[in-house]
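Here is a friendly briefing to read alongside the model. Have a look at the backbone first, and then at the ligand and its pocket.

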Amino acid sequence: MAPEIDWESLRESMVRNQIERRGLTEERLLRALRTIPRHLFVPMEERYRAYIDGPLPIGGGQTISQPYIVAVMTSLLVLQGDGNVLEIGTGSGYQAAILACMTKQVYSVERDAELAARAHEVLCRLGLFNVTIKTGDGSEGWPEHAPYDGILVTAAAPSVPPNLLQQLADGGRLVAPVGGQEGQDLQVWRRSGEMMAFESIFPVSFVPLRGKAGWSEEDWLPKHE
Ligand code: SAM
């Protein structure tokens, strides 16, 4: 019989070594990372690696992001606990679960129906009923539930989709990797009335955002998809 894995200890050392040691100290964020069982969002054959300091494949050529990147992107949203957040690229559902612990309502859009269904199942199993997932092209947002206090894009966009900026509430923040196959820039956009302020954080490497405001298959070849 395979030895039992102590997931809680692995999770604790992930938080200490990958998150706190790199300077992220916000209590609510750390609590969310300590609470959400990341291994449940990872396919069975990858589960033993669920708490490593890197991304992992989740099927369909897609990935669950590195824990540190999930933490940084979440903290850049500066969530107040009572907001409406939109995520583009549900993937495994892990990022949505972290958001669900830190805000009132999460809407998440995933183009791959199989991933969306799997994420929905895990989130329900964990009782995170404040996440609503839709299958479709999220590159144009989800106008029915706008405005959003935070918008998180978890796939690389050629430029920030204008419809997403339009769906941002006054004072809201949008966090997105912007750039191409060779690498992207993690960007934060903040709305103040009709004005948008922009900040560039650091280089990142994401899978492509597809769809209307995303990358076409000619411009970003589906090498690993
Ligand atoms: N947030 C995810 C998690 O916690 O596991 C990781 C997301 S993965 C890096 C990027 C996801 O974006 C993939 O699942 C991909 O199918 C999805 N995606 C790409 N283009 C999309 C689009 N236009 N609309 C919705 N989802 C999209």
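Val78 lies in the loop between helix 3 (67-76) and strand 3, where helices (H or I, at least four residues) and strands (E, at least two) are DSSP runs numbered from the N terminus. Although Val78 is not a glycine, its phi is positive, at about 50°. This is a predicted model, in which local features need pLDDT of at least 70, side-chain atom pairs count only at pLDDT 80 or more, and totals for chains, interfaces and linings use all residues. Residues are numbered from 1 along each chain as its sequence is written, and side-chain values use heavy atoms, with hydrogens and water left out.

**Backbone**
- Ala146 and Pro147 are joined by a cis peptide bond, with omega about 5°.
- Pro147 belongs to the loop between strand 5 (131-135) and strand 6 (148-153).
- As background, most residues other than glycine have a negative phi, and most peptide bonds are trans.

**Around the ligand**
- The ligand is surrounded by 25 residues (a heavy atom within 4 Å of it), and the closest are Ser92, Glu110, Asp137, Gly138 and Arg210.
- By class, this shell has eight nonpolar, 12 polar and five charged residues; Ala, Val, Leu, Ile, Met, Phe, Trp, Tyr, Cys and Pro count as nonpolar, Asp, Glu, Lys and Arg as charged, and the others, Gly among them, as polar.
- Strand 2 (62-64), helix 4 (94-102) and strand 4 (105-110) each supply at least two residues of the shell, and strand 2 gives the most, with three.

**Polar contacts (pairs of N or O atoms within 3.5 Å)**
- A polar side-chain atom of Ser92 is 2.6 Å from an oxygen atom of the ligand.
- A polar backbone atom of Gln95 lies 2.9 Å from an oxygen atom of the ligand.
- A nitrogen atom of the ligand is 2.9 Å from a backbone N or O atom of Gly89.
- The protein buries 99% of the 600 Å² that the ligand exposes when taken alone (Shrake-Rupley method, 1.4 Å probe).

**The largest pocket**
- The ligand sits in the largest pocket, with more than half of its atoms within 2 Å of the grid points as the criterion.
- A pocket is an open set of points on a 1 Å grid over the protein atoms alone, where a 1.4 Å probe fits, with protein on both sides within 12 Å along at least five of seven lines.
- The largest pocket holds about 430 Å³ of space, a volume filled by probe spheres set on the points.
- Its lining has 32 residues (an atom within 4 Å of a point), and Gln62, Gly89, Gly91, Glu110 and Thr154 are the closest to its centre.
- Strand 2 gives the most to this lining, with three residues.

Methods: A polar contact is a pair of N or O atoms within 3.5 Å; within protein, one must be able to donate a hydrogen and the other to accept it, and residues adjacent in sequence count only if both atoms are side-chain atoms.
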